[in-house]
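Subject: Structure handover

Hello,

Here is the structure you are taking over. Please open it first, then read the notes below.

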Amino acid sequence: MTARLSLYEKAEQELYKLDRSVKGKFYDFSHRFRQNPDHPGLDLIPLKGDGRVYRAKIDQSYRALLAKIGIDGAGREKWLVVAVRHRKHVYEELSVAINRITGEIEFVDLSVVGQSVLQRAGMTLTPAEQPEAADERETSGAVPATIEPPDDAAHVPEAEPLLAGLTAEDLRDLGVAEQLIALALAVTESTELDALVSGAPLLTKDILYGLAAGLSIEDVRKEITAPVDVELDESVRHDLDAALARTTVTTIDDALKDIIEEGDFRAWKVFLHPAQAKLVDRRYSGSFRVSGGPGTGKTIVALHRVKHLAEQLPPGHSKPILLTTFTKNLTTDLRARLASLLEPELLARVDITHIDQLAARVLNENTLAGAGKQRIYDNVALNTLRQVLLELDEKRWDAEFLYEEWEQVILGQSLGTRKAYFDARRAGRGRSVSRPDRAQIWKILEQFTTRLDKEGRETWGQAAERAARFEMQRAAKIEQRQEYKDEIGGKDLIHRDDSSGMYYLGHRYKHVVVDEAQDLRPAHWKMLRAMVAQGEDDMFIAGDTHQRIYDQQVTLGTVGVNIRGRAARLTLSYRTTREILNRAMEVVNPKSVQITFDDLDDGTDNLDGYRSVLRGPAPELVRCESWDDELAQLAATLRSWRRDLATGGAGGKVRDPRGNIAVCVADREAVNQVMYYLATEAELTVAELTKEGVKGDGDIHVGTMHRFKGLEYQRLAIVGARDGVIPRASVVQRYRDTDPRRLAREQLKARSLLFVAATRARDTLRISWYGKPSPYLPV
């Protein structure tokens with residue numbers, strides 16, 4: 001009989017960390033197993049502890065652990081690979097079960113639990129295969145079948161359990177795997193808990209870490225258990241075949257082989273936690289917003305939302321789904337991640353582009369060939385404005401203030417006349433201006449824009465505002481056509497459409513998905529709103545105002561995006577460890593300063609309840625003697641990290657460190673210095689993070705804090721985090737006496753920038769400086 005073979009998620013993670021030779025043998029084994037699971041060479045034997053769990057031989061050293069599920073419609077046996085282990089670490093007590101909350105298959109392996117916990121719980125483990133020699137028994141790392149307590153055990157005071165006050169029924173009701181309940185109640189310290197959850201099912205891990213972090217039973221039920229709770233009929237509670245359909249598994253084929261060999265970091269970057277899945281698959285009556293701190297999975301939810309929407313599309317070749325964000329390099333990252341989720345034919349149905357590129361496309365469609373303007377960045381336009389002020393001998397207003405007044409008030413509200421500017425609200429601008437002031441500001445900015453126009457240039461802010469107007473005009477025509485159709489009944493639309501061209505007019509997209517929404521301009525939102533018809537599942541928005549590093553203050557309701565009553569907030573971080581998170585939180589939520597963040601609408605947002613389910617080493621804060629000393633210490637750290645990743649140190653075994661290690665430089669002027677030193681003095685290979693994405697193929701990525709927006713690395717070093725750089729001394733001096741409210745805004749941006757940088761690290765974070773540290777660092 002042939003077999004259908006699938007791979008349990010944790011088994012997939014184990015495969016990532018094995019040597020290439022073992023991976024190859026596993027796929028040879030999979031091929032033979034699918035052809036004939038009863039082949040004598042596979043040595044398929046059931047374990048004594050759970051009759052549904054079998055072990056089979058991959059080679060002389062490694063074993064596949066499998067659960068027998070049932071028979072499929074083609075008469076093939078259905079098997080699930082639940083683990084891949086060295087034969088020394090295969091025990092009879094391995095088991096599979098169906099979680100009473102999620103209805104998914106769970107694999108439980110007690111061999112990862114420390115001996116002290118097993119002893120307190122009164123448990124022993126039995127090796128499935130006897131070691132062949134005494135020396136092998138001593139080095140196998142296996143837990144002996146019988147554990148004898150030390151002679152003086154009676155005199156050692158018993159420590160209080162970490163989960164004191166909780167009962168087995170409490171844990172069972174929350175969804176902890178039955179086989180781990182007694183062990184969880186026996187744990188007395190965090191290191192034991194780390195060992196216990198390292199091999200535990202995902203829901204069990206989240207629950208136990210949440211309780212250990214101080215969450216109440218009700219909080220855990222609300223934040224962790226309730227989002228994944230399913231209604232299970234009693235008749236299917238023990239049906240592995242039915243549970244398989246609810247479990248995250250992967251068919252074993254050549255495509256999986258390619259992904260496995262790329263390393264687990266890529267898979268982790270697109271892993272959707274069960275608690276997030278309900279946000280992905282729901283049908284919304286209108287625009288929906290998901291918020292949450294770094295690592296809570298906003299981007300991953302957005303990517304899986306795109307996947308869900310693409311899978312619902314009817315056959316065709318159009319691109320009715322837009323996935324957009326603020327920067328080019330983040331767009332590149334989103335495209336790579338989505339490519340690992342979608343088949344090529346579905347990926348081709350998604351328009352993946354950053355927001356300014358989308359605006360440029362609209363302008364190109366509405367501009368005669370050769371009549372377009374050169375688009376310039378803000379620093380270039382700012383120099384032009386300085387030149388205008390110099391020519392006017394204007395000393396009252398500085399160029400930075402005027403430029404932001406133009407960007408945020410005039411362009412932000414599409415103000416086309418002086419009267420409109422006189423009547424406009426300037427919420428959040430800080431420095432107040434009188435009516436005569438506005439008249440003078442308007443006159444200066446008129447000369448500035450005239451200068452740009454004569455030079456055939458425009459800023460990206462101007463481009464966004466023009467593109468928004470074109471799209472709003474298009475949307476108005478579509479609405480006009482629909483009103484006419486409703487009134488006339490469509491009787492003469494064929495003739496009318498032929499003469500006006502309106503027959504082919506329609507909204508560009510059926511669905512729009514936005515990531516890093518907090519950084520978009522008001523004009524961007526107006527353009528997006530006009531590109532998709534208002535209605536069911538029109539816009540899906542992911543963002544966090546604590547990570548706003550560009551000065552774009554937007555109230556979605558004022559630009560036609562209504563999210564009232566359709567929003568969700570993620571509070572559990574699955575990327576950043578608790579230790580990194582706690583340090584980062586002190587940057588944007590210091591005890592000494594009251595800071596308020598908006599919610600992209602008329603309310604406020606906060607990080608209350610924001611916590612991590614991961615554990616790791618404490619961030620390293622390093623004070624250096626000089627810039628040269630800081631570079632030398634950085635190089636030594638990076639060499640150590642590379643060795644760890646290549647030889648199985650903390651963070652798991654990764655053959656290629658490329659894309660897993662990064663250096664975040666606080667000062668733009670120092671990026672080249674860091675790259676030059678690492679490449680020449682330290683003989684490390686580096687690649688720069690630019691607006692276009694990664695430039696080069698070096699192992700270690702280097703860039704400014706702005707370039708790290710939306711990206712993630714296993715190990716991250718932040719250098720140059722000193723006072724005068726974070727925040728900029730020039731900014732503090734400019735606004736300290738003249739515009740305190742503006743200074744507060746600039747300081748908030750600097751805090752958010754450091755917060756974003758620190759939370760790009762998944763496992764390890766190192767921050768260094770020389771001289772006086774940034775006042776935002778918790779030192």
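Is Lys307 exposed, partly exposed or buried? Lys307 is partly exposed, with a relative accessible area of 22%. Buried means under 20% relative accessible area, exposed means over 50%, and partly exposed lies in between (1.4 Å probe, protein chains only).

Some ground rules. This is a predicted model, so local features need pLDDT of at least 70 and side-chain atom pairs count only at pLDDT 80 or more, while totals for chains, interfaces and linings use all residues. Residues are numbered from 1 along each chain as its sequence is written, and side-chain values use heavy atoms, with hydrogens and water left out.

Salt bridges

The structure holds 39 salt bridges. Each is a side-chain nitrogen of Lys or Arg within 4 Å of a carboxyl oxygen of Asp or Glu.

Lys307 is in one of them. Its partner is Glu311, with the closest N and O atoms 2.8 Å apart. Both lie in helix H14 (residues 298-311), four residues apart, about one turn of the helix. Glu311 is partly exposed, at 42% relative accessible area. Helices (H or I, at least four residues) and strands (E, at least two) are DSSP runs, numbered from the N terminus.

Asp423 and Lys419 also form a salt bridge, at 3.0 Å between the closest N and O atoms. They sit in helix H20 (residues 418-423), again four residues apart. Asp423 is exposed at 51%. Lys419 is exposed at 59%.

Glu407 and Arg521 meet in a salt bridge of 2.4 Å, N to O. This pair links distant parts of the chain, 114 residues apart. Glu407 is in helix H19 (residues 399-411), and Arg521 is in the loop between strand S14 (511-514) and helix H24 (522-531). Both Glu407 and Arg521 are buried.

Aromatic rings

Rings of Phe, Tyr and Trp (its six-membered ring) pair if their centres lie within 6.5 Å; planes under 30 degrees apart count as stacked, over 60 as edge-to-face and the rest as tilted. By this rule there are 16 aromatic pairs. Phe33 and Trp79 are edge-to-face, 5.4 Å centre to centre, with 85 degrees between the planes. Phe33 is in helix H2 (residues 20-35) and Trp79 in strand S5 (residues 77-86), 46 residues apart. Both Phe33 and Trp79 are buried.

Why does the pair of Tyr284 and Phe288 count as stacked? Their planes are at 20 degrees, with ring centres 4.1 Å apart, so the pair is stacked. Both Tyr284 and Phe288 are buried.

Best wishes
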